[in-house]
Amino acid sequence: MMISSWRRRRAARRMARVGVSGDTVELTIPSHFRCPISLELMKDPVTLSTGITYDRASIETWMEGGNFTCPFTNQPLQSIDSIPNHNIRKMIQDWCVENRAYGIERIPTPRVPASPAQVREILEKMATATRRGDCDGCKSLVEKIKKLGKESERNKKCIINNGTGNTLSSTFEAFSNPEKFEKSIEILEEILSAMTMMFPLQEEAIKHLKSETSLQSLVWFVKGGDISGRRNSVLVLKEIISSYPEKVNELGEIQGALEGLFKLIKDPICSSSKKASLFMTYHVIASTSSPNQERFTKALLQMGLVSLLLETLVDAERSVCERALGAFDGICETKQGREEAYAHALTMPVIVKKILRVSDLATELSVSIVWKLVKHESREDEEEEDGGVKVEALQVGAFQKLLLLLQVGCSEWTKEKATELLKLLNNLHRDRLECIDSLDFKDLKRTF
């Protein structure tokens, strides 16, 4: 900060010496250094077929808006390709250096952006290498694509728009062949890494990734790959299940798939991998189209999913919390799932706490869970010494929260379940009730 201040003072003194009137100096940018669109100093000057030079960012924004005329001359563009104007760029850089005393910074020399022709050439070479079974050749080309994509958002957009996702996914499918798999792990890892740059994946790309061989490879990385491989594979699987929810049946049948998802929730690599794992776990549990839904749910429950979800919910961020509650709500659809929930001491305290504290969706899911547990509680459980789940719900403040929820406002479905819950809990063990502090909800507002 001291150096910057000194430079500004020095610049001011120099400007005073050159005979500028007044206290401030307004440095005039030469008109041919300004972009005709933005009127700002050009950082990456390019020339169109009409001979007019613009700043690359400005003219690309113009053409992306569906304009195919020269903004300055209004003439139709014979070609949308732009040519870097190195002469103007060097003149601008020299001018910046000459005027650095006035606080002008030299513009950096821009990288040449990727062109559609360049991307297509790489993809054609990749397809040829794939047909030959050339792992090293494909790996080198995938690395080249990744490098281009990391250079700029413009390159990334160019890569995505020219069918890179489709080529990468077809290459992944080809090298996922069981006969080639052991020798292809490195190229498959590189493809997965590059694939995460292409989200959301296009339909053609997903068709290759949802094949049996591709799913087998993805599960292998989920359960046994390195950290980046596990993260990237679970994110790709989420893309597949988002488009084809019915694929959870095939996914669940693959040995180690459910264990891999469970492990990623328990020991998350990052927030996105945890969210993706919870998303797929929810679909495995809640998929009514899967003939093996009950078996998959039972397997997850035996691993300790109820305890894991409750531990996750204790201090989870909103999106993680919503996904965990969704999975827990699915568990409570089954008898075994409810029994596991009844048996866990944290179930009711944690779930009730999420009502009105996280989001509207979290509140809706929490009410649904409490409703399912209270509604399906057996007579024997109610007559137990501790009074069962109804009394537990009252003790942790469910009655007051449900009343407050109706006052604040909620969806019709949630309102119906909350009203039914209040009837089930009314006049039950009032001496055991613990009031909640109204200050906890001082910021809540009615929706009407």
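The model is predicted, so local features need pLDDT of at least 70 and side-chain atom pairs count only at pLDDT 80 or more, while totals for chains, interfaces and linings use all residues. Residues are numbered from 1 along each chain as its sequence is written, and side-chain values use heavy atoms, with hydrogens and water left out. Helices (H or I, at least four residues) and strands (E, at least two) are DSSP runs, numbered from the N terminus.

**The largest cavity**

- The largest cavity has a volume of about 80 Å³; a volume is the space filled by probe spheres set on the grid points, which are joined across faces, edges and corners.
- Its lining (residues with an atom within 4 Å of a point) consists of Ile160, Gly163, Thr164, Gly165, Asn166, Met198, Pro200, Leu201, Gln202 and Ala205.
- Helix α7 provides the largest share of the lining of the largest cavity, namely three residues.
- By class, the lining of the largest cavity holds five nonpolar, five polar and no charged residues; Ala, Val, Leu, Ile, Met, Phe, Trp, Tyr, Cys and Pro count as nonpolar, Asp, Glu, Lys and Arg as charged, and the others, Gly among them, as polar.

**The largest pocket**

- The largest pocket has a volume of about 650 Å³; a pocket is an open set of points with protein on both sides within 12 Å along at least five of seven lines.
- The largest pocket is lined by 20 residues, and Glu60, Ile80, Pro116, Arg154 and Cys158 are those that lie nearest its centre.
- Helices α2 (56-64) and α6 (153-161) each contribute at least two residues to the lining of the largest pocket, and α6 gives the most, with five residues.
- The lining of the largest pocket divides into nine nonpolar, four polar and seven charged residues.

**Helix packing: α4 with α5**

- The axes of α4 (residues 116-132) and α5 (residues 135-151) come within 9 Å and cross at roughly 155 degrees; axes are lines fitted to C-alpha atoms, for helices over the stretch in contact, and angles run from 0 to 180 degrees between N-to-C directions.
- The two helices α4 and α5 are therefore roughly antiparallel to each other, a term for angles over 145 degrees, whereas those under 35 count as roughly parallel, 65 to 115 as roughly perpendicular and the rest as oblique.
- Helix α4 passes α5 in a left-handed crossing, in which the near helix is turned anticlockwise from the far one by less than a right angle, clockwise being right-handed.
- The contact (heavy atoms within 4.5 Å) involves Gln118, Ile122, Leu123, Lys125, Met126, Ala129 and Thr130 of α4 and Gly137, Cys138, Leu141, Val142, Lys144, Ile145 and Leu148 of α5.
- The contact of α4 with α5 comprises nine nonpolar, three polar and two charged residues.

**Helix packing: α7 with α8**

- Helix α7 (residues 164-175) packs against helix α8 (residues 185-195) at an angle of about 155 degrees, with their axes 10 Å apart.
- This angle makes α7 roughly antiparallel to α8, and α7 passes α8 in a left-handed crossing.
- Residues in the contact include Leu168, Phe172 and Phe175 of α7 and Ile187, Ile191 and Met195 of α8.
- By class, the contact of α7 with α8 has nine nonpolar, three polar and no charged residues.

**Helix packing: α16 with α17**

- Helix α16 (residues 305-314) and helix α17 (residues 318-331) pack at an angle of about 150 degrees, and their axes are 9 Å apart.
- This angle makes α16 roughly antiparallel to α17, and α16 passes α17 in a left-handed crossing.
- Among the residues in the contact are Leu305, Leu309 and Leu313 of α16 and Val320, Ala324 and Phe328 of α17.
- The contact of α16 with α17 has 12 nonpolar, one polar and no charged residues.

**Backbone features in loops**

- Phenylalanine 199 and proline 200 are joined by a cis peptide bond, with omega about -5 degrees.
- Proline 200 is placed in the loop between α8 and α9 (203-209), and Pro200 is also one of the residues lining the largest cavity.
- Leucine 39 is not a glycine, yet has a positive phi of about 65 degrees; leucine 39 is in the loop between α1 (2-17) and β1 (45-47).
- Leucine 356, also not a glycine, has a positive phi of about 65 degrees and lies in the loop between α19 (347-353) and α20 (360-375).

Conventions
1 Å grid on protein atoms, 1.4 Å probe; cavity = no way out; pocket = protein on both sides within 12 Å on 5 of 7 lines; lining within 4 Å.
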